[in-house]
Amino acid sequence: MNLLIVDDEYYNVESVRMKVEKLCPVFERIFCAYNLKQALEVFKNEEISIMICDVEMPGGSGLELLNHIRERNLSTICIFLTAYAKFEYISQAMKLSSIDYLLKPVEDEQLLASLEKALAQFRQQQKARSDDLQVSRLKENELNLLLQYCMELLEQEKFDQLEAAAKDYLMQPARSQSSTEKGRISFYQGILTMLSDRFKADGDLDALALFSEQSGLESMERTCASLNSLRQWLPGILALYQNCKQAAANTDNAIAAVKAYIHSHLEEKLDRDTLAAKVYLSPDYLSHCFKRQTGVSLTNYIIGERIEEAKRLLSKKDLNIRDIAISCGFQNISYFTRQFKKSTGMTPREFRGGC
């Protein structure tokens, strides 16, 4: 526990310091400052429990100093010690939660009584912080226990029981973290992490990619704005988990269907949005799964299939090269030639000459 004495008069500072050391020898360190700037430097580097401060000082008043402290949400207990008994000073000191307003020269008994009052308040603050910390830890532990229980239910695919347990937690804000925004965010992140970890444990990386994409569409701020919005979000996120599991299980069939569609519609405009819609997947998820399963991107696969079809048609000498390009989905003959040469090392005309 540290004390700071602030006064622009050196001898006043020393007098108060010696009195404090004699009357109340409980402080680990006593710091001294002679203006507002020096005092702020002390606060920047040290934790100050109690401050004894003059009001009128050159370069900034003690009231300004206390205002700076309160703006930083510091709980330093302040005792004003001044030669000025002005009502406006006393009024402002009270508004800034100063514990006492003493007049110079101060009697030893007055200073000791004020210090004892400040120490009593300091101990109350410590107890309150300790109690708050203990409650916070208990609530955090309760959330961890809930998530462990939910993970067990998730492993057994008991989704109704999982939802009921999580909603019960949210229905008891007084005994859970969910009464605060921070607590609601912890719950939200805990549920998402639990579901993601389950995908990883099952080796469902494709499902995890789809889940990560879809679950991020709803903003965390909106979801965690209230207990009601969090309760409404819960069934949806559990349903999304199940849908992603199912979609991943059907990925092989979906990729096969996309390949078949590409092969039979080479002359049409093919893009991932169109193809994804055919198999009821999101474009990003389709691209991810296609590359993962085939080793090539969806775009390169389409180009490769078109080039293979063009090679087959070029062996037929009666077909015009421009018509072949169009029938294979290349509307621009220059682009067709460029892609064909990139794939085969020859232009379409040179390829046909070698057939």
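These legends describe close-up views of a predicted model.

**View 1. The largest nonpolar core.** This core has 54 residues, and Phe187 and Ile237 touch the most other members. Helix 10 (residues 227-249) gives the most to the core, with eleven residues. Beyond its neighbours within four places in sequence, Phe187 is in contact with residues including Leu143, Tyr169, Leu230 and Trp233. In soluble globular proteins, nonpolar side chains tend to be buried together.

**View 2. The buried residues of helix 8.** Helix 8 spans residues 205-215, and its buried residues are Asp206, Ala207, Leu208, Leu210, Phe211 and Ser215. They pack against helix 7 (181-202), helix 10, helix 11 (251-264) and helix 13 (283-294).

**View 3. The salt bridge of Arg29 and Glu46.** The two side chains meet at 3.9 Å, N to O. Arg29 sits in strand 2 (residues 29-33), and Glu46 in the loop between helix 2 (36-45) and strand 3 (50-53). Arg29 has 46% relative accessibility, so it counts as partly exposed. Glu46, at 30%, is also partly exposed.

**View 4. The salt bridge of Glu309 and Arg312.** The closest N and O atoms are 2.6 Å apart. Both residues lie in helix 14 (residues 298-314), three residues apart, about one turn of the helix. Glu309 counts as buried because its relative accessibility is 17%, under the 20% cut-off. Arg312 is partly exposed, at 41%.

**View 5. Arg70 in helix 3.** Arg70 belongs to helix 3 (residues 62-71). Its side chain reaches the backbone oxygen of Thr76 at 2.9 Å. Arg70 is partly exposed, with a relative accessible area of 22%.

Key:
Residues are numbered from 1 along each chain as its sequence is written. This is a predicted model: local features need pLDDT of at least 70, side-chain atom pairs count only at pLDDT 80 or more; totals for chains, interfaces and linings use all residues. Side-chain values use heavy atoms; hydrogens and water are left out. A nonpolar core is a set of buried Ala, Val, Leu, Ile, Met, Phe, Trp, Tyr and Cys residues joined through side-chain atoms within 4.5 Å. Buried means under 20% relative accessible area, exposed over 50%, partly exposed in between (1.4 Å probe, protein chains only). Helices (H or I, at least four residues) and strands (E, at least two) are DSSP runs, numbered from the N terminus. Contact means heavy atoms within 4.5 Å. A polar contact is a pair of N or O atoms within 3.5 Å; within protein, one must be able to donate a hydrogen and the other to accept it, and residues adjacent in sequence count only if both atoms are side-chain atoms. A salt bridge is a side-chain nitrogen of Lys or Arg within 4 Å of a carboxyl oxygen of Asp or Glu.
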